[in-house]
Amino acid sequence: MSLLTLCEWLESTRWSIALHESVYAYAIVESIHVWALCLFVGFAAMLDLRLVGVTFRRVPVSELASRLLPWTRVGFTVMVVSGILLFYAIPVRSYHNVFFRLKLVLLVLAGLNVWLFHTGIYRRVATWDLDVRPPRQVRIAGALSLLLWVAIIFSGRMIAYNWFDCGRPQSDLMNVLAECGSVVDPYAVP
Amino acid sequence: MTLLPFFEWCENTAIGEAIRNSVWLFPIIEAFHLVALALIGGAVLLVNMRLLGLVLGGRPVSELARDAHPWFVGGLLVMFASGVPLFLSESIKCYYSVAFWVKMSALFLVLVFTFTVHGRVTLADEGRVGPVQGKLVAVVSLVLWAAVGWGGRWIGFS
């Protein structure tokens, strides 16, 4: 079974249709997604800014990380659950949406950055915990994280638009990126 | 007297028209609005959750508040710089939107509250603010900000 057929099956399920057609459910889930953004990206940004060395300079990095990360995880969980519901409401359109695809790639990169940071230089945090200006490698990890989250917010916001939806008159490249092959072009001149 | 003529004037400004006529401008400006929201959200939550005793218990509130303040103000400036053009592009829709008025009322209240009561409490020396007082201030701030956020998101659905 391909991912696309999985999406098509998801779209035919009762709860997907209910979410999609409900007047309020989709809007409420999306509002929760935006609220959790404050907790998740907001706290992640505060920690990243400390890693870059521009704020909370008197707070040891390990203290800030250990106190903020549990809440960041709560925010992340809400983000993922509400995000999955938003996807579940419109699976096939999301599957073909280039911004959705870009967002997933960026999320993987952000996750990779977190993993590399925690398994790498953060293990030696004791040696730079109190640095007002942490080592270069740490500052790069923080800046990269900030950049990725900004890009993720941008691509997430753009999912709502149909600029590159399959079936629109657009370049072949876009059709390849959105995997439009099998979708019939309603604008095509027979 | 009604504010409608003013809203009509806003809608007819060159900026409003340019955004309406563009496919990309509105979403791009809105994405900046969202990024600034995350920044403000982080700063506001950090200070208020500290007041509630949920994070960074060992740190003085005033120290955290002072550190978070420039990011809060910076985020607020980006919020205004992006929010005003968004408003200009759909002023008349906003005029008739309950969510818009809820957002603006809550925003006015929370800004006044933040730069008066909230600011005084968070910057006060340790021990001069009772724990209950601090928590009350945090709850009021969070409820008002939540109303701003809810109203804002709902303008788009109205």
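This is a predicted model: local features need pLDDT of at least 70, side-chain atom pairs count only at pLDDT 80 or more; totals for chains, interfaces and linings use all residues.
Residues are numbered from 1 along each chain as its sequence is written, and chains are lettered from A and ligands numbered from 1 in the order in which they are written.

Biologist: How many helices does the secondary structure of chain A hold?

Modeller: Helices (H or I, at least four residues) and strands (E, at least two) are DSSP runs, numbered from the N terminus. The elements of chain A run α-α-α-α-α-α-α-α from that end. With zero strands, the number of helices in chain A is eight.

Biologist: What percentage of the residues in chain A is buried?

Modeller: A residue is buried if 20 or more other C-beta atoms, placed from the backbone, lie within 10 Å of its own. Of the 190 residues in chain A, the buried share is 31%.

Biologist: How far apart are the end C-alpha atoms of helix 4 of chain A?

Modeller: The expected span is 1.5 Å times one less than the number of residues. Helix 4 of chain A has 29 residues and should therefore span 42 Å. The computed separation of its end C-alpha atoms agrees with this, at 40 Å.

Biologist: Which helix of chain A gives the most to the side that touches chain B?

Modeller: Two residues are in contact if their C-beta atoms, placed from the backbone, lie within 7 Å. The contact takes 26 residues from chain A and 23 residues from chain B. Helices 3 (25–52), 4 (61–89) and 7 (136–158) of chain A each supply at least two residues of the chain A side. With twelve residues, the one that gives the most is helix 3.

Biologist: What is the angle between helix 2 and helix 4 of chain B?

Modeller: Axes are lines fitted to C-alpha atoms, for helices over the stretch in contact, and angles run from 0 to 180 degrees between N-to-C directions. The two helices are therefore roughly perpendicular, a term for angles of 65 to 115 degrees. Ile15(B), Gly16(B), Ile19(B) and Arg20(B) in helix 2 meet Pro85(B), Leu88(B) and Ser89(B) in helix 4. The axes lie 7 Å apart, and the angle is about 80°.

Conventions. A residue is buried if 20 or more other C-beta atoms lie within 10 Å of its own, exposed if 12 or fewer, and partly exposed in between; C-beta atoms are placed from the backbone. Angles under 35 degrees count as roughly parallel, over 145 as roughly antiparallel, 65 to 115 as roughly perpendicular and the rest as oblique.
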